Amino acid sequence: MPGFWYGGDYSPEQWPPAVWEEDDALMRQAGVNTATVGVFAWSTLEPAEGTYDFTWLDRTLDRLHANGVRVILATPTASPPPWFSLAHPDALPVTPEGTQRWHGSRDTYCAAAPAYREAAKRVTAALGERYAEHPAVAMWHVHNEYGTPCYCEHVAAAFRCWLRARYDGDLAALNDAWYTRFWSQGYRTWDEILPPRDTQYLPNPAHAVDFARFWSDELLAAYREQRDILRGHTPDTPITTNFMLPDGYQMLDFWRWSAEVDVVAIDHYLNATGVAGTIDVAFGADRARSFNRNRPWLLMEQAVSTMWPGHGEMVTAKEPGRLLRDSLAYVARGSDSVLAFQWRASRGGSELHHAAMVPHAGADTRVFREVAALGRTLSGLDEIVGSTVRASVAILWDADTRWALELPVTPSRHLRYVPALRDTHAALWRAGAVADFARYEDDLSRYAVVFAPSAYLLSPAAAKSLASYVEGGGHLVLGCFSGVVDERYQAWLGGFPGGLLEALGVRVEEFHPLAPGQTVALTDGATGQLWSEDLATHGAEVLAGYRGGVLDGKPAITRHTHGEGTGWYVSTFLNEGSTDRLVRRVLDAAGVRPELPGAPEGVEAVRRHGSDGRSWLFLFNHTDNTATVPAHGRELLTGAHIEGALRLAPLEVAVIRETRPPEVN
Ligand code: GAL
């Protein structure tokens with residue numbers, strides 16, 4: 001089936017058959033061609049251990065297939081039924097404080113518990129066997145948003161096993177790596193090691209980061225078991241699981257996971273309204289595309305209305321037109337799908353107030369009309385499916401650093417990893433440059449500029465990769481508090497950023513965190529916040545110094561020529577305006593042009609490129625004014641022929657099949 005995958009999570013098991021008929025009709029009306037089925041349906045599918053009821057699922061798959069809707073069939077393992085937890089209380093998750101959680105919600109299981117793993121494999125095998133030949137099944141969706149943590153005895157045992165492998169069975173090596181002479185933590189046997197449960201005072205950070213690595217791997221092992229069972233039944237059907245990208249939920253090392261799925265699929269719920277929400281869309285989409293190694297990826301869930309700007313306190317309904325803009329913004333950045341949670345709003349249950357494509361009020365609603373219009377729009381864009389996005393700048397994304405910076409042992413708990421990355425990404429968005437995310441071990445030389453906003457945890461290998469990137473001609477922009485600890489969470493000795501003193505031509509001696517709201521002035525007019533550092537240059541040119549305060553007169557922003565390239569160092573967090581100025585200066589120095597030179601301020605421009613040399617320019621006017629944008633080609637939403645300039649009304653979107661090859665960076 002060609003075209004974008006359009007639709008959402010579909011739970012017919014929650015509704016009587018009369019509603020199914022309406023679903024069929026409304027899906028046709030909305031141009032829905034994809035339904036994700038079965039995500040939390042375990043108790044319906046397996047009402048008692050080993051007893052399966054497939055009748056509703058058989059009918060659903062047949063019905064959807066007859067209606068021209070492909071199915072992403074999920075394994076239901078994110079929500080074990082009550083009979084399971086009562087029979088296997090040891091498979092219930094335990095908090096760091098030792099409290100066992102009970103069933104009554106979802107995601108209440110311990111992924112390391114043998115009983116859970118066996119039950120998950122059984123139900124997966126039953127699904128694989130029954131639906132291997134079903135023509136509706138286009139993709140498998142294993143589980144849902146892996147992430148539930150646990151600290152029980154099963155986890156302790158699995159953690160020890162993982163540690164033995166990591167340290168080659170050498171307990172002395174673990175004691176060294178964890179620096180266990182500090183606070184009398186020396187381990188004499190592997191069995192003495194616990195998960196990082198609630199303890200008296202500060203945790204050992206090396207222990208905590210190893211546990212985070214382990215838990216990501218343990219969940220991955222659970223995913224792989226299901227994947228391999230399904231692969232055995234349907235070797236040619238793609239298999240994935242959905243990553244949850246918002247900031248507070250980072251249990252997984254997405255790079256490692258991405259290598260194990262056939263296509264990266266993300267769930268993305270906006271954390272902000274207005275343009276900040278738009279930038280959040282770009283942040284999620286750019287990560288998903290990068291995790292999928294720049295191939296088209298899947299937006300598996302979004303909310304057709306509602307955002308969570310109030311951090312869980314209240315939702316805000318998306319304004320009219322936003323669904324189209326956001327959906328095309330994911331597509332512009334490489335998604336080949338627009339899928340939502342969920343098709344029909346649940347009548348009851350914990351998420352009865354969640355937005356849906358068919359709201360409680362029915363099809364005669366603004367939301368459903370927008371949903372149907374979006375379906376029509378997407379069906380006119382089929383030719384774009386499979387094309388890719390090109391970026392000439394990258395931001396480093398590192399799971400270890402993210403975990404390391406979250407621990408309460410750093411000099412300031414206001415210094416956070418994801419916000420630091422977001423700031424850099426947002427500045428690039430405002431500068432009109434599309435950014436990839438990358439890993440230290442990638443071939444960074446394909447990027448003209450690499451930003452590492454806070455490379456706090458830097459292994460010698462990672463530092464070497466960055467240094468060679470600069471030597472080879474790249475522009476590295478390293479943010480403050482970088483190269484501070486290595487992969488064992490032990491400080492680099494001799495000055496920071498460890499492993500990069502030569503490439504950067506600077507040496508940081510001491511940190512001076514700033515209180516929230518406190519700022520520091522720089523000699524070039526910039527403003528720093530949250531953080532400052534006492535550094536000396538060793539060959540680097542000073543672009544700006546600190547003005548006033550204890551660091552008065554000392555360097556703040558530096559630039560150093562090293563080999564063929566340039567190492568920039570920024571020893572504070574610049575405020576928005578100052579970040580924008582610096583980012584534009586670096587892009588200029590590296591010869592990186594915006595995606596669409598000449599695009600007016602507030603107009604977002606992103607391109608997808610076909611393998612046959614065709615390109616499609618997506619334009620979004622995020623301002624309240626009509627904008628005139630340079631463009632040549634056929635506008636696919638209206639069919640208009642554009643010769644030289646396109647007028648975009650406030651908040652309007654356009655997709656242009658270009659007749660002139662884009663200028664390449
Ligand atoms: C996702 C989840 C969905 C639904 C949604 C609500 O995390 O996969 O099932 O709960 O959030 O926003």
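Pro497 sits in the loop that runs from S13 to helix H16 (501–504). Helices here are DSSP runs of H or I with at least four residues, strands are E runs of at least two, and both are numbered from the N terminus. The peptide bond from Phe496 to Pro497 is cis, with omega near -5 degrees. Gln342 belongs to the loop between S9 and helix H12 (366–379). Most peptide bonds are trans, and most residues other than glycine have a negative phi.

The model is predicted: local features need pLDDT of at least 70, side-chain atom pairs count only at pLDDT 80 or more, and totals for chains, interfaces and linings use all residues. Residues are numbered from 1 along each chain as its sequence is written, and side-chain values use heavy atoms, with hydrogens and water left out.

Two residues other than glycine have a positive phi. Asp107 has phi near 55 degrees. Asp107 is in the loop between helix H4 (82–87) and helix H5 (114–131). Its relative accessibility is 16%, so Asp107 counts as buried. Buried means under 20% relative accessible area, exposed means over 50%, and partly exposed lies in between, with a 1.4 Å probe and protein chains only. Tyr179 has phi near 60 degrees. Tyr179 is in the loop between helix H7 (171–178) and helix H8 (205–233). At 54% relative accessible area, Tyr179 is exposed.

Now turn to the ligand. The residues around the ligand are Phe40, Arg106, Asn144, Glu145, Met244, Asp267, Tyr269, Glu301, Phe341, Glu351 and His354. Each counts as near if one of its heavy atoms lies within 4 Å of the molecule. By class, this shell has four nonpolar, two polar and five charged residues. Nonpolar covers Ala, Val, Leu, Ile, Met, Phe, Trp, Tyr, Cys and Pro; charged covers Asp, Glu, Lys and Arg; the others, Gly among them, are polar.

For Arg106, a polar side-chain atom lies 2.8 Å from an oxygen atom of the ligand. For Glu301, a side-chain N or O atom is 2.8 Å from a ligand oxygen. For Glu351, the corresponding distance is 2.7 Å. The protein covers 94% of the 310 Å² of accessible area that the ligand has on its own. These areas come from the Shrake-Rupley method with a 1.4 Å probe; for residues, only the protein chains shown count as cover.

Asn144 lies in the loop between strand S4 (137–141) and helix H6 (153–166). Asn144 is buried, with a relative accessible area of 3%. Its side chain makes a polar contact of 2.6 Å with the side chain of Asn242. A polar contact is a pair of N or O atoms within 3.5 Å; within protein, one must be able to donate a hydrogen and the other to accept it, and residues adjacent in sequence count only if both atoms are side-chain atoms.

What of the cysteines? The structure holds zero disulfides. The sulfur of Cys152 is 3.6 Å from the closest cysteine sulfur, in Cys150, too far for a bond, because a disulfide needs two cysteine sulfur atoms within 2.5 Å. Cys150 is buried at 1% relative accessibility, and Cys152 is buried at 8%.

The sheets come next. Six strands form an open sheet with parallel pairing, in the order S5-S4-S3-S2-S1-S9. Its edge strands are S5 (239–240) and S9 (337–340), and each pairs on one side only. Two strands pair if DSSP finds at least two bridges between them. S1 (residues 5–10) and S9 run parallel over four bridges. Gly7 has Leu339 of S9 as its bridge partner.

A ten-strand open sheet has mixed pairing and the order S11-S10-S12-S13-S20-S19-S18-S15-S16-S21. S11 (435–438) and S21 (573–574) are its edges, each pairing on one side only. Within it, S12 (residues 449–452) and S13 (residues 475–479) are parallel over four bridges. Val449 is partnered by His475.

Further on, S24 (residues 627–635) and S25 (residues 641–648) pair antiparallel over eight bridges. Gly633 is bridged to Ile642 in S25. Their hairpin has five residues between the strands, and Gly639 in it takes a positive phi near 85 degrees. S24 also joins S26, antiparallel, through three bridges. There, Glu635 stands opposite Ile656. Ile656 is buried, at 0% relative accessible area.
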